[in-house]
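Hello,

Here is the structure I promised to pass on. My notes on the strands, the helix and the domains follow below.

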Amino acid sequence: MRRCPTCNRNYTDEALLFCLNDGATLVDTSAKQALSIREARSQFGVSWGRLIIGVATGKLKIRRIGRDWRVKRADLEAYMRKR
Ligand SMILES: [Zn+2]
C-alpha cells in the first residue's frame, strides 16, 4: 500500500510512485516506515516521558497524519541511539 502525503489518497498499486491527483511522491505504508505511538512504544520500549522529552527538545519529530500521530522509524531509531 502506498499513500499520498498531500491528499492522503491510498493506492494499492505498488508500482505507482507518484500521486495521480497532485504528483506528490507516494509513501510506502506497507513497509511501516511511520509508526503509530503505540507501535513505537511496543517495538522500541520507549516511554511516554522519553517521547515527550524528544518532541519538546526538538530531537524527535512526530507528525500528525489525519487523526493519528506518527513517528518515522528511522527518526526514532536515531533518537533511541542517543542517550
Ligand atoms: Zn495526492
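Two strands are taken as paired if DSSP finds at least two bridges between them. Helices (H or I, at least four residues) and strands (E, at least two) are DSSP runs, numbered from the N terminus.

This is a predicted model, in which local features need pLDDT of at least 70 and side-chain atom pairs count only at pLDDT 80 or more, while totals for chains, interfaces and linings use all residues. Residue numbers start from 1 along each chain, as its sequence is written.

E5 and strand E6 (residues 68-72) run antiparallel and are joined by four bridges. Two residues lie between the strands of this hairpin, where Gly66 has a positive phi near 65°.

On the sheet: three strands form an open sheet in the order E4-E6-E5, with antiparallel pairing. Strand E4 (34-36) and strand E5 (62-65) are its edge strands, each pairing on one side only. On average, neighbouring strands of this sheet are turned by 45° against each other, direction ignored. Helix H1 (residues 37-44) packs on the sheet and touches E4 and E6; contact here means C-beta atoms, placed from the backbone, within 7 Å. The direction of H1 makes about 95° with that of E4. Axes are lines fitted to C-alpha atoms, for helices over the stretch in contact, and angles run from 0 to 180 degrees between N-to-C directions.

On the domains: the chain is divided into domain 1 (1-31) and domain 2 (33-83), with bounds from an automatic or database domain assignment. Their C-alpha centres lie 23 Å apart.

Regards

Definitions and conventions: Contact = placed C-beta atoms within 7 Å.
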